[in-house]
Amino acid sequence: MKVVVLGAGVVGTAAVWYLRQSGHEVSVIERQPGAGLETSFANGGQVSPCHAEPWANPATPFQALKWLGKPDAPLIFKWWRYDPELWVWLLRFLANCTPGRTRINTDRTLRVALYSRQCLQELRREVDIDYDAKTLGILHVYRDPSAFAHAIKAAELMAKLGLKREAKTVAEALAIEPALGDAAPELTGAIFTPDDESGDAHKFTQGLAAQAAAQGALFCYGTTVTGFLRDGDRIAQVMTDKGPITADAFVMTLGSWSHVWARQLGLRLPVYPAKGYSATLAVTDTAQAPQVSITDDEHKIVFSRLGGRLRCAGTAELSGWSDAMDPVRANAIVKQARSLFPRAGDYTGAELWAGLRPTTPDSVPVIGKTRLKNLFLDTGHGTLGWTMACGSGKALADVISGREPEIDMTGLGIERFG
Ligand SMILES: Cc1cc2nc3c(=O)[nH]c(=O)nc-3n(C[C@H](O)[C@H](O)[C@H](O)COP(=O)(O)OP(=O)(O)OC[C@H]3O[C@@H](n4cnc5c(N)ncnc54)[C@H](O)[C@@H]3O)c2cc1C
């Protein structure tokens, strides 16, 4: 079958890989000059099923109220802008903040994330991609005892759903990651997920794209999707600035832009961008920068050691499709990173970056068929696109190839939005 994948972020590129492995003739349309240059470029680097608790959970509305009016808060939404898309998205988000919905959405996300981590491990055994991978686990650290208590409860739920997580004392956390020494007096406890991983999503995406190209996938870089030609309940052609392209099947992996193009096709796909920031610094004292990936849960900042660099990333801003950098929010990341690892490296020379997480109101990605018979979705991965890319791509390649996916796809499709 001839399949065209729209978008070569980490999610699109993983889909390309598994489609090619399934024997399809695959072409990729990507507006950038290479793969993984938008949201997949400088993310937090964590392969983290441990983050499967959705943003929409019972605690978030109260936390968001506390953060209201603070420009450097971990989560802000610009509700005063005229943006009906945001308001509708927020209403759907609030509807998902009940304990029952949180449990369902955690289960769905964890199902994809655990499968995906396994697919990534298998893929690593098959192909050699240097992406500064570390398989040392992820350690969540807490200052506030009540936040730690809440986290232990969430960890218990995830343990029931199959994710191994262990509560640790501060001394045990220090034994796992000695670079936490400077911050230790402020910490209350930690939760360790020994099987989670980290690595550079951009390097991985570029490496996987090169491997897929070597196996015959055709990457059309510098080519922008401009529209679609419909033929009844099918897509006949995708229109691009380089001309129309015909295929048997189309896969939409356009990140935050999926929403815009799905709407043009008459599909209601509530994917809204949640802008986040990262700072990447050169490590100058290797013993003072963590090797184990760290999450500072209260400030919503993650840390990944990528070779000689330390990536610090986080915060969420619901303010539309612009990736323009707000210096206050970018510097909030640097400030918190410095408080945890003051001697890790040169913070004044940190490279700052902003990207748009394609976020659904229930924090669950959208993978599978649509009512257009030859259009498939693999998008809306929000905070966990790197974590879930391989599993989503493999499951979707199975759907397109007419095979039963290895995971239960219930609740992952667009039909859940009505
Ligand atoms: C600050 C931050 C930290 C994060 N940390 C983590 C983390 O630690 N772990 C994790 O798992 N996830 C993390 N994420 C989330 C993760 O980065 C995203 O979920 C993931 O990158 C989304 O991948 P994608 O392929 O769906 O989107 P993208 O990477 O945005 O890819 C979409 C592609 O579509 C292309 N495109 C768009 N429109 C068009 C068009 N009209 N024509 C042609 N091409 C087009 C774009 O150029 C782009 O390459 C983080 C995100 C941010 C912002």
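The legends below describe the whole chain and then several close-up views of a predicted model. Residues are numbered from 1 along each chain as its sequence is written. Because the model is predicted, local features need pLDDT of at least 70 and side-chain atom pairs count only at pLDDT 80 or more, while totals for chains, interfaces and linings use all residues.

Figure 1. Helices (H or I, at least four residues) and strands (E, at least two) are DSSP runs, numbered from the N terminus. The C-alpha trace spans about 65 × 45 × 40 Å along its principal axes. A compact globule of 418 residues would have a radius of gyration near 22 Å, and the 20 Å of the protein agrees with this; the radius is taken over C-alpha atoms, and the globule rule is 2.2 Å times the number of residues to the power 0.38. Of the 418 residues, 51% count as buried, where a residue is buried if 20 or more other C-beta atoms lie within 10 Å of its own, exposed if 12 or fewer, and partly exposed in between, with C-beta atoms placed from the backbone.

**Figure 2. The shell around the ligand.** The ligand is surrounded by 41 residues, and the closest are G9, G44, G255, G276 and G385; a residue is near a molecule or strand if its C-beta atom, placed from the backbone, lies within 6 Å of it. The elements that give two or more residues to this shell are α1 (10–21), β14 (272–282), β18 (351–359) and α10 (385–400). By class, the shell has 14 nonpolar, 23 polar and four charged residues, where Ala, Val, Leu, Ile, Met, Phe, Trp, Tyr, Cys and Pro count as nonpolar, Asp, Glu, Lys and Arg as charged, and the others, Gly among them, as polar.

**Figure 3. Helix α9 and its buried face.** Helix α9 (residues 327–340) has 14 residues and reaches 20 Å from its first C-alpha to its last, close to the 20 Å expected at 1.5 Å a residue, a span found as 1.5 Å times one less than the number of residues. Its buried residues are R329, A332, I333, Q336, A337 and L340. Seen down the axis of α9, these buried residues fall within an arc of 125°, so they line one face of the helix; the arc is that of the directions from the helix axis to the C-beta atoms. On the other side of α9, P327 and V328 are exposed.

Figure 4. P54, found in the loop between β3 (46–47) and α2 (60–67), counts as buried because it has 26 C-beta neighbours inside 10 Å.

**Figure 5. Positive phi at D132 and T315.** D132, in the loop between α4 and β5 (138–142), has a phi near 55°, a positive value in a residue other than glycine. D132 counts as partly exposed, with 17 C-beta neighbours inside 10 Å. T315, in strand β17, has a phi near 65°, and T315 is buried, with 24 other C-beta atoms within 10 Å.
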